[in-house]
Amino acid sequence: MMPSPRTTRATVGNSTSSATTSNGKFEFSSLVNSRTPLSDSPSARLRASESPVRRKDSLTSQQVLPEEDCMKLNPSFLGIAFRSLLAIDLWLSKRFGVCAEEHCSWGSARPLMKLIEVSGHGIPWIAGTLYCLYKSDSLAAQEVVLNLLFALILDLILVGLVKGAVKRRRPTHNRMDMFATFSVDKYSFPSGHATRAAMVSRFLLNHLVLAIPVRVLLMLWAVIVGFSRVMLGRHNITDVAFGFLMGYMQYSLVEYLWLSPSTVPALFSL
Ligand SMILES: CC(C)=CCC/C(C)=C/CC/C(C)=C/COP(=O)(O)O
């Protein structure tokens, strides 16, 4: 008996055919798949690589994926760990951003947090250091203060470079009402306040003779500056953590590059 056009239809030169199953419904299958395996010809292999579904169909147990495809299909452990850390960071930072707005749970502490922000801002530190430089009457004092100024400028440059390279946006709950910012300060990684607080406190602890309570207060101040960045909603926790680390290392760099009357006499004869 002649097959009915409703039940069987095959198009020569076309990749699709149709046939009915036992329950009378149409099923579609690929002639290319059924007659010549996708992996047989180079063009078929190319087409297969365009479609993940078709590629999966065409794989046999003997075929090995190119290395870059394996990486896409199996994200590395480090990649997953990194994304998870970032997700936890965003979630925790939002939870601790309790002074981000006046109506937040700790909103009434926002003015105090902003005062702490000013205490770690670059302008008061640079202005204060310039004033001390002007007032310092001994070469030893001049040397320390000049290096503090150098450290503060180096900090601004390095933080600006990293912020510009990483370009991590500030948290969405941050209200951008900070005074005197550079254009890179729209980015949050790392926290410039945290780098400055860590670097300056390490610098002062090493170069000033301070009573123990003052030393403790100095360290406490640095930690509070870091906390206040997250509470104000300015930063994520990782911005501040990295900022502390970077500031700590910046101090080591300043020590390494230390400006002294013997290395840069021109600076000290002014
Ligand atoms: C003398 C002179 C050019 C001073 C510039 C000081 C200045 C504008 C520093 C920027 C400080 C700032 C707003 C840093 C951002 O801190 P984050 O903790 O929010 O990253």
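**Note on helix packing, ligand shell and loop geometry**

1. In helix α6, M113, I116, E117 and S119 are in contact with I224, V225, S228 and M231 of helix α10 (contact: C-beta atoms, placed from the backbone, within 7 Å; helices: DSSP runs of H or I, at least four residues, numbered from the N terminus). Sorted by class, this contact of α6 with α10 has five nonpolar, two polar and one charged residues (nonpolar: Ala, Val, Leu, Ile, Met, Phe, Trp, Tyr, Cys and Pro; charged: Asp, Glu, Lys and Arg; polar: the others, Gly among them).

2. The model is predicted: local features need pLDDT of at least 70 and side-chain atom pairs pLDDT 80 or more, whereas totals for chains, interfaces and linings use all residues. Residue numbers start from 1 along each chain as its sequence is written.

3. Helix α6 spans residues 110-119 and helix α10 residues 212-231; their axes are 9 Å apart, at an angle of about 125° (axes: lines fitted to C-alpha atoms over the stretch in contact; angles: 0 to 180 degrees between N-to-C directions). The two helices are therefore oblique to each other (under 35 degrees is roughly parallel, over 145 roughly antiparallel, 65 to 115 roughly perpendicular, the rest oblique). The crossing of α6 with α10 is left-handed (near helix turned anticlockwise from the far one by less than a right angle; clockwise is right-handed).

4. Helix α10 also packs against α9, with axes 9 Å apart and an angle of about 175°. The pair α9 and α10 is therefore roughly antiparallel. From α9, the contact draws on H193, A194, A197, A198, S201, L204 and L205; from α10, it draws on R215, L218, M219, W221, A222, V225, G226 and R229. By class, the residues of this contact are 10 nonpolar, three polar and two charged.

5. A further partner of α9 is helix α11 (residues 237-256): the two axes come within 7 Å and cross at roughly 40°. Helices α9 and α11 are therefore oblique to each other, and their crossing is right-handed. On the α9 side the contact involves A194, T195, R196, A197, A198, M199, R202 and F203, and on the α11 side V240, G243, F244, M246, G247, Y248, Q250, Y251 and V254. This contact of α9 with α11 comprises 11 nonpolar, four polar and two charged residues.

6. The ligand is surrounded by 15 residues, of which G122, A180, S191, G192 and H193 are the closest (C-beta atom, placed from the backbone, within 6 Å). Two helices, α7 (122-135) and α9 (192-207), each supply at least two residues of this shell; α7 gives the most, with three. The shell divides into six nonpolar, six polar and three charged residues.

7. Two backbone features deserve a check. Most residues other than glycine have a negative phi, and most peptide bonds are trans. The F189 to P190 peptide bond, however, is cis, with omega near 0°, and P190 lies in the loop between α8 (139-166) and α9. In the loop between α8 and α9 one also finds K167, whose phi is positive, near 55°.

8. UniProt, in an unreviewed entry, assigns "domain: Phosphatidic acid phosphatase type 2/haloperoxidase" to residues 144-255; its annotations may be inferred rather than shown by experiment. In the model, residues 144-255 are 70% helix and 0% strand, with end C-alpha atoms 11 Å apart. The "transmembrane region" feature (unreviewed entry) is listed by UniProt at residues 144-166, 203-228 and 240-259. Residues 144-166 are 100% helix, and their end C-alpha atoms lie 32 Å apart. For residues 203-228 the helix content is 85% and the end C-alpha separation is 21 Å.

Conventions:
Contact = placed C-beta atoms within 7 Å.
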